Structures are given as structure tokens and as C-alpha cells.
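Biologist: I would like to go through this model term by term. Please set each value against its definition.

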Amino acid sequence: MNYNIRRREKNDCKDIAHVVTIAWNETYKGIVPDEFLKGLYKNEEERVISSFNNFDENDNHQFVLLVNNRIIGFINVGVSEDNDYYGYGEIFALYIINGYKGNGYGKKLLEMGIDELKDMGFNKIVVGCLDGNKANKFYKHMGGNFIKTRVFEKLNLLENVYIFDNI
């Protein structure tokens, strides 16, 4: 398959919101409450408008994955907002629609995110992954060291925290 990874553009907001809706519904069924997952379909247009209106080209650390010119995944990185990880970069999101997993795209997106965080001056990265998500194995496989479990406050669910240091 022909793929490309590039920096997010303002006009990508609709496709990114749709990837979030699909990926969450595929990945988190049985982990996240069904009502929340259904709500992603209902509020997708709202999320598109908000993302479009708040797009800041000067603070854009998100990359999209296109396969055959269609956005099927993305990574979003930046400065960690967790006080326990002051001075760390953070991977806030890495999503790929199920039908495209297993082709090495996750690794390519992760490498792109790590390169972006290095360019931002970070040499340590933190990522949280909801407990029960198969991506926990991915982060371990990619060299992440499990540090602790914390609460993902938005949903009051447990997430595992991994550190990538000396990147």
C-alpha cells in the first residue's frame, strides 16, 4: 500500500475526528462505556468545528498517516501536562483504523512523533495507554518502560504509563 506521513493541515480536521470516532469504537469496545463511544458519533461534527477553529499552525505537533491518499491514522505529541513528568514530551494520541494495523504504520508514526519531540528539545517521553488496550504490548515492544498506572480522568479509567528515555 502507498502511504505517506505529513504534518497535519487545517483541512484535515474532519478526517482526524472521524479516525478518532472509528478507532475508539474499534479499540475500546468493552473497555470504555458504550454511551461514551456512541457519543463520539453524535459529537463528531462538534469536534471538527472546534478543532478547525482552534487550529494553530505555530503549535502544530500532529502528523497524519495517509494510505492511498486517505487519512487512516495520526499521532499527536507535545509538552507533557502531567506534573509528575515535568520536562517530558508526551504522546497524547496515536490512532490507526483497525484494517490498517499490523503493517508497521504504528512504528512509523511513533518514530515521527519521537523525532518531533526531539526537535522540540525533549530526550524523555511519556505515554499513557488505557488498561486493556492491545497497544500496551506495542509500547513495550517499541522500548517503552512501564512506570505506573494512573487514572485517565476524562473517563475515570486506569491507564498504564510508559517512559521512553534517552531517545
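**Values and cut-offs**

Modeller: Asp-12 is buried, at a relative accessible area of 5%. This is a predicted model, in which local features need pLDDT of at least 70, side-chain atom pairs count only at pLDDT 80 or more, and totals for chains, interfaces and linings use all residues. Residues are numbered from 1 along each chain as its sequence is written, and side-chain values use heavy atoms, with hydrogens and water left out.

Biologist: Why is Asp-12 called buried?

Modeller: Buried means under 20% relative accessible area, exposed over 50%, and partly exposed in between, with a 1.4 Å probe and protein chains only. Asp-12 has 5%, so the word buried applies.

Biologist: What does Asp-12 touch, not counting residues up to four places away in sequence?

Modeller: Asp-12 touches Arg-6, Arg-7, Val-64 and Ile-71 on that count. Contact means heavy atoms within 4.5 Å. Asp-12 itself is found in the loop between β1 (3-7) and α1. Helices (H or I, at least four residues) and strands (E, at least two) are DSSP runs, numbered from the N terminus.

Biologist: What makes the pair of Glu-9 and Asp-12 a polar contact?

Modeller: The backbone nitrogen of Glu-9 lies 2.7 Å from a polar atom of the Asp-12 side chain. A polar contact is a pair of N or O atoms within 3.5 Å; within protein, one must be able to donate a hydrogen and the other to accept it, and residues adjacent in sequence count only if both atoms are side-chain atoms.

Biologist: What makes β2 and β3 a pair?

Modeller: Two strands pair if DSSP finds at least two bridges between them. β2 and β3 have six, in the antiparallel sense, so they pair. Val-64 stands opposite Phe-74 in β3. On the other hand, β1 and β2 are joined by five bridges and run antiparallel, with Arg-6 opposite Val-64.
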